[in-house]
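Here is a short tour of a protein model, written to be read with the structure open beside you. Let's begin with the whole chain and then visit a few residues.

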Amino acid sequence: MTTTTDHWEPLWAAGRRYRQPDENEFTLLAAHLGPGRGRPALDVGSGDGTLARHLHHELGYRTTGVDCAPSAVALAASRDEGQGAGPAWRCLDITADDLDGLPDPAYAVITCRLVYRWMDDKPAFLDVVRRLLAPGGTFWVVTEIAGRRKESDPLTERGLGITAAEAETLTSGWSLVSTADLDVLRLYALRP
């Protein structure tokens, strides 16, 4: 799998949609992040923008959502109508594109929901996150864990979860690692 437009754009353009955050996830997010008070947040792989809008409107962050699929970015932006000033949207591949187009040099929060699994070079991706994360910031990751689905679940065959080694790569080098589990998902709050 890859994070490039060649893979994700046809899926979004064809109407593919992905698992939405629920109230339990939003509650845990608020508990770990606290109020935004206008601080910058970056949502990597923002898809339809649900998480970015929640960070922006409910938690009070000044949010930028990025996705490599133009159709996802267009969908996210279209859902802002009538809500007042919403998140900024950028079409870019966080692992391959020039990041000078981002509105902020550093972010108090960087979120990555259901995206980490698909990063081909996880250490390189984590290096980008560390460069963009402000001192004292939080990197919030939501990902499926391998082996959590029942054998009878049709999605078991797709290998959607990260392995123990990939989880170790994700969590090493942070001064604070907090986790919480929601069914097949694990939520990580990582701080430098």
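## The whole protein

The accessible surface of the protein comes to about 9000 Å², and carbon and sulfur atoms account for 52% of that area. Please keep in mind that this is a predicted model. Of the 192 residues in the protein, 47% are buried.

You will find six helices and seven strands here. Starting at the N terminus, the elements follow the order α-α-β-α-β-α-β-β-α-β-α-β-β. If you take the contacts between residues at least 6 apart in sequence, 69% of them join residues at least 24 apart.

## One side of helix α4

Which residues of helix α4 are buried? In this helix, which spans residues 70-78, they are Ala 72, Val 73, Leu 75 and Ala 76. These four sit on the same side of α4, because they cover an arc of only 160° around the axis.

## Leu 92, a buried loop residue

Now move along to the loop between β3 (88-91) and β4, where Leu 92 lies. Is Leu 92 buried or exposed? Its relative accessibility is 9%, and the cut-off for buried is under 20%, so Leu 92 counts as buried.

Setting aside neighbours within four places in sequence, Leu 92 is in contact with Val 66, Asp 67, Cys 68, Asp 97, Leu 99 and Leu 102.

## His 54 in helix α3

Helix α3 covers residues 50-58, and His 54 is part of it. With a relative accessible area of 12%, His 54 is buried. What does His 54 contact, leaving aside its neighbours within four places in sequence? The answer is Phe 26, Leu 29 and Leu 59.

## Two loop residues with positive phi

Most residues other than glycine have a negative phi, so exceptions are worth a look. Leu 114 is not a glycine, yet its phi is positive, at about 60°. Leu 114 belongs to the loop between β4 (107-113) and α5 (122-132), and this residue is partly exposed, with a relative accessible area of 25%.

Asp 183 is also not a glycine, and its phi is positive too, at about 40°. To find Asp 183, look in the loop between β6 (176-182) and β7 (185-191).

Conventions. Residues are numbered from 1 along each chain as its sequence is written. This is a predicted model: local features need pLDDT of at least 70, side-chain atom pairs count only at pLDDT 80 or more; totals for chains, interfaces and linings use all residues. Side-chain values use heavy atoms; hydrogens and water are left out. Buried means under 20% relative accessible area, exposed over 50%, partly exposed in between (1.4 Å probe, protein chains only). Contact means heavy atoms within 4.5 Å. The arc is that of the directions from the helix axis to the C-beta atoms. Accessible areas come from the Shrake-Rupley method with a 1.4 Å probe; for residues, only the protein chains shown count as cover.
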